[in-house]
Amino acid sequence: MKPGLLQKIIFLSVSLAITVPLFLSLSLAQPFNQDKNYFKNRKQISPRIDKDSVPQEQIDQFSSNNQNFSDQENGFTPQNNTSYISNSVVEKKMTEIPDPKPHSSIDASDLRDPLLSVRGMDMDAEEVLSPGTTIDGVRFFSSDETQSFIETEYRKSNFKIEDVYGRVVAYDKGQRCLTCHGGIEEISSNHRFSCTRCHGGNGRAYSKKSAHKKMVSNPADLTHAPKYCGKCHADHIDNVAKSSMATAKGQINLTRYNWGTQSLESPTLSLIPDGEKGEKLFPPEVQAGGQPELVDDFLQKKCLRCHIQSPSPHRAGEYRATGCASCHMLYSNDGMSMTRDRAIQSIQRKKSRKQKNPLSKKIAAKSFQNSRGYPILHKFSVAIPSSQCETCHHESGPGIEYEGLFKKPARKKPHSNSIDKDKPILFGSEHKFLIQDIHRERGMHCIDCHESYELKNPNSTFPKNDISTNPKCEDCHGTHEKEPGEFLLVQSLDNAKEIIKKASINPNLKGKIKFGDLILRDNQGKLRSHIKKQKKDWVLISKVTGKKHIIPILKNKKTPVAHSMKKHMNLIECAACHARWTYSEWGNHVILDNRPNLEPWRDWSFSDPNLQQTLFGVEKPTTQTSYLSQDFNWLTASDSANEISGKWQPGVWIELLSKTTWDKMLLGKNSRGKYSILKPRKQYFISEISSQGEALKSAVIPSLPNGNPGLIMTPYTPHTIRKIARSCESCHSNTETLGLGDPKLKTIFDAPSFFEGLTSEPSLPINFQLWQTMDSNGILLQSVWPLESRLLNSNELSLIQEKNDKYRANRYLALRERGFPKLLNRNSFPYDIRHEANKGLYGNPIDNEDLLTDETTDEDIDAIMQIIQEKKSINEQDNSSSQIIEPESSVYEYRSQNSTLSSDSVTPGLSEQNSQEMSPYSTTPLGESILGNENNPKKETLPLNGWQSLSEEKIIEFSEPQNSP
């Protein structure tokens, strides 16, 4: 034997003697790997990890967090919801607010708009909200609560790991990759490939550097997806690439249109343009010697960090991947993983030692330098929880509303931000805790209503606004005339086979949807496979939790008074009445500051990641050359394990909101022709400051290409739905709701002169209210998008505010239906004294009978109106103004002949004199015309001078003044 060969054999023997025991010890040290034949035998593993590897609070956030709240809206018996309050809140030394005494019927405290009772008409939320305040009998909390309570609320996932992942299996085809990544989970039962088939790299290498050469960490990113995923999923990739989540066409083109930079005839700009449709790449090329548009700079530095191809900031609530994985790879709010992957566990142990509290403000302030988060498990999921959707949809929209979070706007603080460095924040913001959407409270998630065909809709175009894919309340609840449609899953039908196949992928639907089931077909003809009929009930099976929810069907319910009015049902969106609050941002003042020093902004509570990094981050971004004079361009962003890198460019954009509210919900008409809530989406005021500190622009309102004001409102469905609807007065006696502004404040009476004044004097006058959308003549102060939508016209304004006898009768019936003993017997209302006096004349009302029954007809309402008219004529002939005769005896007489009516007295609010009574929700008298007052008489015509008014055709639509919409 040659000497050299003998030396090699000895060296190899010694190496094996050392490395094999070491490798086995490392493998057996893993909590789940007790099988010595691990690499040969596939083994199902528990989706939980040992408590020694992950802090207990991280495990707790994936427990079942669906609270069993008592149904305040069915029983109306407030319960002591101490189960919803953390121990730290219970033990906090403060004055406890006792639970209200039980009552058997709804009263005014149940119906009032959320927070109006605790806030008052004029007070700001910051001054009055305190822990323990109750709304609808359910406690909610403010951020004055303990940090432990807030952190617990921010950590909650509201799903179980076994529900969203189903069967979790250890991966065993990793070649040498498992030397470091041993314990990693199989990505999917349908993707049993080697690591390198999806991630690239070298699976035979011995070193980390060689193994990771040309490796792709996220093959689901749209840059790599066609190569790695396209052979099997080309159609899905194509649809996702054309969806608004990837192209950002709506955000780009509407903002440019809003700033007057782009007309409706201009080519559509897109991040992924479709050449066949004539689309162009954003940002547009700048001609030689030309200057880029301000709006394009604003979009790149602010708005476009929220498309699925952009990496998200490395901070609590926003950890996610890109491309298809931005939805299908689930992250926790703190970005910590529960994987068995040894390499990731090692990284996270180092990270947790460095970042003691990942939800703290000081960590969020360095979102460009923080290490990235990792998925909860290395596994795809189609059971996508709401928390994953909210990584993007937390900005001024449905995500935070659905969770009951109210984002606090940026304000200057009286102290240094360093004082709040340990305060927990989510999405870079502090929040108030308000009442959640009823669907969220019951344990439903976003995808239980929003289907994949809506999210991946490839037909989204500009300027068209396709709302056909949006879910409607009647899709599941039906109407009083008919139930939802149904579809029988017959084995011979191809679409039935496809539905069964798709349901089998979801661990919560697998085996629960079978051939022979009746599933729901909504009003748009779409089939909803997770909603099936069981006996007489329609049952929704949550795609995320597997929980069964019995859907209330309107046809099987007693028709409420408000629903008995055909115009209410035919012309009003459900959310216009059933939304309890909405998060609205008024007056978005955007400032381009080109000065080299931003020190004046250091004491502001900004949530924007760019500003947080620039002003509050301890270390400077490695790619930044001038610390306080540059902003980050998100279209250049790239993600790595330890930072987000890209170009920092001159000019910093600062966004300030004049006011945020929850109680101002304006009415308009959407593109479906229905009355809808309007939301301020693009209410921009633009300022620009030069590098010398000179104001080049000062709160300039942009003009649309057609000359209309560039203050845009859009129809919106608040995600704060509750069973109890808002009061009649919240629309019929509220000038703010109608778009005419707060009557306690100064308002604009002449729109053309208002805009002429802005041209000559570039500053907002004191009489401009951000929620006033038109002047008293019906001329627009603001615009509505899409173009098929509009504000109310003068005819509709008159109809809604008119207090005719039919309105009074229906209002009374609605109050009686809800059993309003407190509202109808308050000493604070002027008619209560007369009410008591009339009791002496006609006797006490019979409390155990109800004026409204299932048999109440239009003839009954007409009879009540006739009684009112008769008593009006008596009142007019009465010389004594102090003696008011109420129509109670006549109602009693009518009741004796018609068993559908009781002898309960009609509220004195039905009398003519009392038409000026004050609404408990507004300081506007019920009978006062909101189109005119003594300072501005009501005008009958709509002048068309200067600014666009509403057309005559739309006014003709409501030509019956005796009916209310």
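Residues are numbered from 1 along each chain as its sequence is written, and side-chain values use heavy atoms, with hydrogens and water left out. Because the model is predicted, local features need pLDDT of at least 70 and side-chain atom pairs count only at pLDDT 80 or more, while totals for chains, interfaces and linings use all residues. Helices (H or I, at least four residues) and strands (E, at least two) are DSSP runs, numbered from the N terminus.

Nonpolar cores were taken as sets of buried Ala, Val, Leu, Ile, Met, Phe, Trp, Tyr and Cys residues joined through side-chain atoms within 4.5 Å. Residues are called buried under 20% relative accessible area, exposed over 50%, and partly exposed in between (1.4 Å probe, protein chains only). The largest nonpolar core comprises 38 residues, and F754, F768 and L792 have the most contacts inside it. At least two residues of this core come from each of α28 (575–578), β20 (666–669), β21 (675–689), β23 (711–716), α32 (751–760) and α33 (794–801). Another core, of 17 residues, lies apart from it and includes F149, Y154, L405 and L434. In soluble globular proteins, nonpolar side chains tend to be buried together.

Salt bridges were assigned where a side-chain nitrogen of Lys or Arg lies within 4 Å of a carboxyl oxygen of Asp or Glu. The count by this rule is 39. In one of these salt bridges, E279 pairs with K249, with 2.9 Å between the closest N and O atoms. This pair links distant parts of the chain, 30 residues apart: E279 is in the loop between β5 (269–270) and β6 (280–281), and K249 is in helix α15 (residues 249–258). E279 counts as buried at 10% relative accessibility, and K249 counts as buried at 5%.

A salt bridge also joins R305 and E318, whose closest N and O atoms are 3.1 Å apart. Both R305 and E318 lie in the loop between α16 (294–301) and α17 (325–328), so the pair ties together parts that are 13 residues apart in sequence. R305 is buried, at 6% relative accessibility, and E318 is buried with a relative accessible area of 1%. In the salt bridge between D420 and K423, the closest N and O atoms are 3.9 Å apart. Here D420 counts as buried, at 9% relative accessibility, whereas K423 counts as partly exposed, at 23%. Through shared partners, salt bridges join R305, R315, E318, E395 and K407 into one network.

Surface patches were built from residues with over 30% relative accessible area and no salt bridge, joining like charges within 9 Å and nonpolar side chains (Val, Leu, Ile, Met, Phe, Trp, Tyr) within 5 Å. Accessible areas come from the Shrake-Rupley method with a 1.4 Å probe; for residues, only the protein chains shown count as cover. Lys and Arg count as positive and Asp and Glu as negative, with His and the chain ends not counted. The place of a charge is NZ of Lys, CZ of Arg, CG of Asp or CD of Glu.

K208, R349, K350, R353 and K356 form a positive surface patch. Helix α18 (residues 342–354) gives the most to the positive patch, with three residues. K208 is located in helix α11 (residues 208–211) and is exposed, with a relative accessible area of 64%. A nonpolar surface patch of about 200 Å² is made by L488, V490 and L493. Of these residues, L488 is in strand β9 (residues 485–488) and counts as partly exposed, at 42% relative accessibility.

Two cis peptide bonds are described here. One joins F282 and P283, with omega about 0°, and P283 is in the loop between β6 and α16. Another joins W785 and P786, with omega about 5°; P786 is in the loop between β24 (783–784) and α33.

Positive phi values occur in residues other than glycine. Phi of K214 is near 60°; K214 is in the loop between α11 and α12 (225–228) and is exposed, with a relative accessible area of 73%. K535 has a positive phi of about 60°. K535 lies in the loop between β11 (527–534) and β12 (537–541) and is exposed, with a relative accessible area of 84%.
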